Amino acid sequence: SHLEEKTQWEHPKSGKRKRVAGGLPYGWEQETDESGQVYFVDHINKRTTYLDPRLAFTVEDNPVKPPTRQKYDGNSTAMEILQGRDLSGKVVIITGANSGIGFETAKSFALHGAYVILACRNMSRGNDAVQRILAEWHKAKVEAMTLDLASLHSVQNFAEAFKSKNVPLHIVVCNAAIFGAPWCLTEDGLESTFQVNHLGHFYLVQLLEDVLRRSSPARVVVVSSESHRFTEIKDSSGKLDFSLLSPSKKEYWAMLAYNRSKLCNILFSNELNRRLSPHGVTSNSVHPGNMMYSSLHRSWWVYTLLFTLARPFTKSM
């Protein structure tokens with residue numbers, strides 16, 4: 001309405017009404033000028049307007065129920081999943097967040113207002129990831145902290161350093177993993193795939209459990225894999241065989257070690273949810289998709305070739 005200088009939400013003929021839904025589009029921010037009038041800044045295209053950009057995305061007040069369909073599919077991105085969510089005040093820890101799935105998750109959380117800690121083994125790469133996120137939004141609250149899951153001492157130091165910040169903890173994403181790595185023992189005397197993929201995360205969550213409970217509602221997300229189906233961790237009598245979890249070099253096969261660690265992830269997540277959900281802390285394990293575009297296969301060129309050839313026949317992120 002040009003006379004009243006405001007938007008008319010009711011259609012004059014059909015009587016249908018519309019409303020603004022969700023948060024501002026990615027890259028936009030609401031500000032207030034000296035006179036108290038609200039205006040909007042588009043940080044991507046470097047422009048300012050007094051017109052609410054959400055007017056382009058209005059929805060019916062009483063929308064017709066849409067047909068049943070999957071809301072997200074194999075092409076959905078992390079940014080699309082969190083579209084319209086305001087995560088201001090939330091504190092998030094993501095392991096292995098300097099690349100791949102971890103980085104995309106960290107970036108999406110940070111650009112939606114959360115305070116994100118990138119828990120990385122390599123601080124140089126971690127700081128580079130922080131700068132890439134800040135380049136997209138200079139007000140993002142994000143930092144990198146050292147965490148080497150192949151060292152239980154490093155896990156303990158990380159937990160103590162985080163607790164010294166005296167902040168709550170709402171989300172922990174156990175994402176870091178190695179795949180196809182040759183047999184080697186960590187400084188703790190355990191097979192590296194088992195410790196990095198499972199035991200290090202298990203210990204980390206145990207050390208942070210008290211903070212999670214104080215910060216409830218909180219959640220733990222464990223990135224597992226569908227490959228957990230193709231292994232076993234029981235002996236012939238049906239009991240847990242500990243020798244399979246951290247095998248000797250003679251009994252080691254990289255693919256099986258990875259599969260077993262992913263099975264441990266799921267068992268851990270299920271039991272953690274059973275124990276902590278009554279206290280407001282939920283836990284879920286997730287399969288992110290087959291042949292993801294990440295650096296998971298970096299350990300051996302054969303796996304890199306296999307991933308490259310198989311990807312066209314699998315779902316993308």
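## Who sits around Asn197

Let's start with one residue and its surroundings. Leaving aside residues up to four places away in sequence, Asn197 touches Ala176, Ala177, Ile178, Tyr258, Ser261, Lys262 and Asn265. Keep in mind that this is a predicted model.

As for its place in the fold, Asn197 belongs to helix H5, which covers residues 192-214.

## The whole chain

Now let's step back. The chain has 317 residues, and 40% of them count as buried. Its secondary structure comes to 8 helices and 11 strands.

## H4 against H5

Back to H5, the helix that holds Asn197. Helix H4 (residues 152-163) packs here too: the axes of H4 and H5 come within 10 Å and cross at roughly 30°. That angle is why H4 counts as roughly parallel to H5. The crossing of H4 past H5 is right-handed.

Which residues make the contact? On the H4 side they are Leu152, Val155, Gln156, Phe158, Ala159, Phe162 and Lys163. H5 brings in Gln195, Gly200, Tyr203, Leu204, Leu207, Leu208, Asp210 and Val211. Sorted by type, the residues of this contact of H4 with H5 come out as 10 nonpolar, 3 polar and 2 charged.

## H2 against H3

There's another helix pair to look at. Helix H2 runs over residues 100-111 and helix H3 over residues 123-136. They pack at an angle of about 40°, and their axes are 10 Å apart. So H2 counts as oblique to H3. H2 also passes H3 in a right-handed crossing.

From H2, the contact takes in Phe103, Ala106, Lys107, Ala110 and Leu111. From H3, the partners are Ala129, Arg132, Ile133 and Glu136. How do the residues of this contact of H2 with H3 divide? There are 6 nonpolar and 3 charged residues, with no polar ones.

Technical notes
Residues are numbered from 1 along each chain as its sequence is written. This is a predicted model: local features need pLDDT of at least 70, side-chain atom pairs count only at pLDDT 80 or more; totals for chains, interfaces and linings use all residues. Side-chain values use heavy atoms; hydrogens and water are left out. Axes are lines fitted to C-alpha atoms, for helices over the stretch in contact, and angles run from 0 to 180 degrees between N-to-C directions. Helices (H or I, at least four residues) and strands (E, at least two) are DSSP runs, numbered from the N terminus. Angles under 35 degrees count as roughly parallel, over 145 as roughly antiparallel, 65 to 115 as roughly perpendicular and the rest as oblique. A crossing is left-handed if the near helix is turned anticlockwise from the far one by less than a right angle, and right-handed if clockwise. Contact means heavy atoms within 4.5 Å. Ala, Val, Leu, Ile, Met, Phe, Trp, Tyr, Cys and Pro count as nonpolar, Asp, Glu, Lys and Arg as charged, and the others, Gly among them, as polar. Buried means under 20% relative accessible area, exposed over 50%, partly exposed in between (1.4 Å probe, protein chains only).
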